[in-house]
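Here is a friendly walk through one model, from single residues out to a chain and a contact between chains. Have the structure open as you read.

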Amino acid sequence: MTFTLFLEQAFNGFQAGITLFLIAAGLTLILGIMDFVFLAHGSQVMIGAYAAASLTALTQNFYLGIIFAIPITFFAGYALEYLIIRHLYKRDHMEQVLATFGLILFFNEAIRVGFGPAALHSNLPASLSGFVYILPEIPYPEFRLLVILIGFACAVGIHVLVSRTRLGATVRAGASNAAMTAALGVNITRLRRLVFAIGACFAGVAGMMLGPLTSVEPGMGEPLLILSLVVIIIGGIGSVRGAFIAAIIVGMVDTMGRVMLPVILRSFMEQASADGAGPALASMMVYILMAVVLVFKPTGLFPPNR
Amino acid sequence: MTRFFSLIGRGLLQHRAMMYLLVGFALFPLYTGFADLPFWNDVAIRIMLLGMASMGLNLVLGYSGMVSFGHAAFFGIGAYCVGISSYYDIFNGWIHIGFSLVTCGLMGVIIGLLSLRTSGIYFIMITLAFAQMLFFGFVSLETFGGDDGMSIDRAEFGLIDLYEPLRLYFLVWAALVIVSLLLMFIVHSRFGVTLRAIKSNESRVEAMGLTPLKFKITAYVISAMICGLAGTLFASWQEYVSPDIMHWTRSGELMIIIILGGLGTLAGPLLGAIAFLLLEEFLPELIQAIAPDYAENWMIVFGPILIAIVMFGRGGLLGLLIKLFQRKGAS
């Protein structure tokens, strides 16, 4: 394990974490404010990735593709809330789980019908596929660095939006007591729709940034959804700050575990079985982390003040 | 008073529904035998096993109000008990079942005790986390096939050769009858009544001097063991086990089956399993007839059906049947 590899993986972990945060930020507000178990948030990631990939192919310009894709994800979230979700707020958690599970099946299959079952390739423009020297002698892919920067900018944006604006104040008020907030004259219906649309937007952006790094395919959202649920639970439902810290932790643990565990396992196992078991054990670590946190702090690390 | 009688009537009807279903499954091979449709015996076995697992989950979900999103894990543990036993050349089915009940019971105690520290959405998510943990745990076990799974031989039950046609069918049926009777007994015992009381108001039960946690953990362990039994038989029927058997979507599937049939009812999950698997069999054919190109995309119809069930179908299929029956009785 060289220092170069370690640093590179630390950056990768940070990048994974910040992407997770973009997905988790909206979801933690949906879970927190509306007490709504929304499993189809992964589909919003997929919609973002597909919108960006197909618009890039259409316009032959990566940046234009992204710019046009963002409003699409916004309206996807808005429409979904208007058509389906708003009818389910008063139902219990299990019914919400089922209905949004149905949404996942629908979206995955709809994408499969529309775009085919094969993965879509979204190539990076030449201007982004180079390398940057983060330290002398240590090159790092330009695009990943850009993802970190954009993700960080979004995180700052979300922070300012939630803690410094009037909208954010009503969102926080809604999270701690929806009925009282409504009684004070805030239009909760509109607030919910807006949170949904903005959350979908950030999830979509995460999908757009993941597109060139991984593959754009039906069902790409579910592993991300489960991971971002883990992030939300570790951070405390409804807490954006908690989601940020938990996302970085989860991203780091997942990425570092994937690299380090096979190395550690190899010291007392055969190489072949160590390489096979390593990634799966690394995936396990995230859930072990979550279970440990919940056992000691049943409402997460940073539960919002109530 | 009328309310009291209608409650009793509904209870009786539920048991009658259960009885009809069990007798129906016992007679079903006669039909498939005459009509020469051996394939449908396999469908019926899958229905009975998924129904059994859902009945187990229903004890937690429907009767005690704990939304566990990770019961596929116990189904999978039960299945892997067969795989691991036969890897070490133990083919006796009774040992498989014992091994699975003990393992699932122990895992149920551990996972249950840790998970029940939380509640609400946190409970849903921590049960999911444990299921994912076990899923990736089995993926990492290269000895037992890892990601690809392992093929296994059907278990031996003394004189009963499971490779003879219908032997496995009636073994599964017998297990289903035993589980049904057990659940019928549990639901109507004082223990079952307390569970329902906990579901509707936990702090009141506590105020009456009972410890809800004790009841909840017992229910959790029983349901884990029932799911494990179903998984054990499932693995023996499928002759193959892989981590996919405990994928988180299966936990969702079990929940769908319960909601479809009727939450917190005895016969509901079994009815739901029939409806779910028939949908799975017939929906592709139906779509094939309407739009031949899209037969394999049947999920695009199935998803909205689920949403519609949640939105409009309260009480599930059993509720619907009861409503029909009562209207007939009234007129």
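Let us start with A:Cys154, which is buried, with 21 other C-beta atoms within 10 Å. Here, a residue is buried if 20 or more other C-beta atoms lie within 10 Å of its own, exposed if 12 or fewer, and partly exposed in between, with C-beta atoms placed from the backbone. This is a predicted model, in which local features need pLDDT of at least 70, side-chain atom pairs count only at pLDDT 80 or more, and totals for chains, interfaces and linings use all residues. Residues are numbered from 1 along each chain as its sequence is written, while chains are lettered from A and ligands numbered from 1 in the order in which they are written.

A:Cys154 sits in helix H5 (residues 142-164) of chain A. Helices (H or I, at least four residues) and strands (E, at least two) are DSSP runs, numbered from the N terminus. Not counting residues up to four places away in sequence, A:Cys154 touches A:Leu22, A:Phe202 and A:Val205; two residues are in contact if their C-beta atoms, placed from the backbone, lie within 7 Å. A:Ile18 is 136 residues from A:Cys154 in sequence, yet the two are 9.3 Å apart in space, C-alpha to C-alpha.

Next comes A:Ile237, in the loop between H9 and helix H10 (240-266) of chain A. A:Ile237 is buried, with 26 other C-beta atoms within 10 Å. Leaving aside neighbours within four places in sequence, the contacts of A:Ile237 include A:Thr28, A:Leu31 and, from the other chain, B:Ile121. By contrast, A:Ile237 and A:Pro262 are 25 residues apart along the chain, and their C-alpha atoms are separated by 33 Å.

Now for the contact between the chains. It takes 41 residues from chain A and 37 residues from chain B. On the chain A side, helices H4 (93-115), H9 (221-235) and H11 (271-296) each give two or more residues, and H4(A) provides the largest share, 16 residues. That side divides into 29 nonpolar, eight polar and four charged residues, where Ala, Val, Leu, Ile, Met, Phe, Trp, Tyr, Cys and Pro count as nonpolar, Asp, Glu, Lys and Arg as charged, and the others, Gly among them, as polar.

Turning to chain B, there are 13 helices and two strands. Its C-alpha trace spans about 60 × 50 × 45 Å along the principal axes, and buried residues make up 47% of its 331 residues. Among contacts in chain B between residues at least 6 apart in sequence, 77% join residues at least 24 apart.

| Helix | Residues | Length | Span | Expected span |
|---|---|---|---|---|
| H10(B) | 248-261 | 14 residues | 21 Å | 20 Å |
| H11(B) | 268-290 | 23 residues | 31 Å | 33 Å |

Twelve of the 14 residues of H10(B) are buried, so this helix is largely enclosed by the rest of the structure. Just after H10(B), B:Gly262 takes a positive phi of about 140 degrees. H11(B) bends by about 35 degrees at B:Phe282, with a proline, B:Pro284, following within four residues; the bend is the angle between axes fitted to the seven residues ending there and the seven starting there. Among the buried residues of H11(B) are B:Gly268, B:Pro269 and B:Phe276.

Note on methods: The expected span of a helix is 1.5 Å times one less than its number of residues.
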